[in-house]
Amino acid sequence: MNTNVRAPYQLTMLAVPYLVKTKGNIVNVSSVAGLRSFPNIVAYCTSKAALDQFTRCVCLELAPKGVRVNAVNPGVIETGIHLKGAMNEDEYKAYLVKCKDTHALGRSGNVKEVSSVIAFLASDAASNITGATLPVDGGRHAMCPS
């Protein structure tokens, strides 16, 4: 909760004067877990859902001041973070293979696919987008069951 809720709140409050002055914008990094429920990660899902709601609420507060606030909701993105304690190499490889069944596009994503959407949302090309939570998850949010 500290990382996914408290820190974004504190950073946002510190940045608001500058964002208002520059007509800047915020792009929060959430997760498909904020949009869908998954077993065994209740705290993570809850914190990301809170971040999505935070994004929408702050959008309403800052939009009249010309500041846009959005979030991206990645699915499984190959960063290697799962190897930092949660999984070993074999478990990680199996997890990525399973993405063929859990993601509509039949694969996990990569960092560039997420960063390009963040860059778009932060750009003037997205000047009429605020309060959005945008899945960048290969269709995982649309899969039933997940």
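In this predicted model, helices α1 and α2 cross with right-handed geometry. Their axes come within 9 Å of each other and cross at roughly 20°. Angles under 35 degrees count as roughly parallel, and α1 and α2 are therefore roughly parallel to each other. Residues of both helices line the meeting. From α1 come Asn4, Val5, Pro8, Tyr9, Thr12 and Val16. Their partners in α2 are Tyr44, Ser47, Lys48, Ala50, Leu51, Phe54, Val58 and Leu62.

In soluble globular proteins, nonpolar side chains tend to be buried together. Here the largest nonpolar core has 10 residues. Its members are Val16, Leu19, Ile26, Leu51, Phe54, Val58, Cys59, Leu62, Val67 and Val69. Two elements, α1 (2-22) and α2 (42-62), each give two or more residues to this core. The largest share, five residues, comes from α2. A second, separate core holds eight residues, among them Val72, Val117, Leu121 and Ala126.

Leu51 belongs to the largest core and also takes part in the meeting of α1 and α2. Neighbours within four places in sequence aside, Leu51 is in contact with Asn4, Pro8, Asn28, Val29 and Ser30.

Charged side chains also pair. The structure holds one salt bridge. The side chains of Arg107 and Glu113 form this salt bridge, at 2.7 Å from N to O. Both partners are partly exposed. The relative accessible area is 27% for Glu113 and 38% for Arg107.

Technical notes
Residues numbered from 1 in each chain as written. Predicted model: local features only at pLDDT ≥ 70, side-chain atom pairs only at ≥ 80, totals over all residues. Heavy atoms only, no water. Salt bridge = Lys/Arg side-chain N within 4 Å of Asp/Glu carboxyl O. Buried < 20%, exposed > 50% of the residue type's maximum accessible area, 1.4 Å probe, protein only. Core = buried A, V, L, I, M, F, W, Y, C linked by side-chain atoms within 4.5 Å. Helix = DSSP H or I, 4+ residues; strand = E, 2+ residues; numbered from the N terminus. Contact = heavy atoms within 4.5 Å. Axes fitted to C-alpha atoms, helices over the stretch in contact; angles between N-to-C directions. Parallel < 35°, antiparallel > 145°, perpendicular 65-115°, else oblique. Left-handed = near helix turned anticlockwise from the far one by under 90°.
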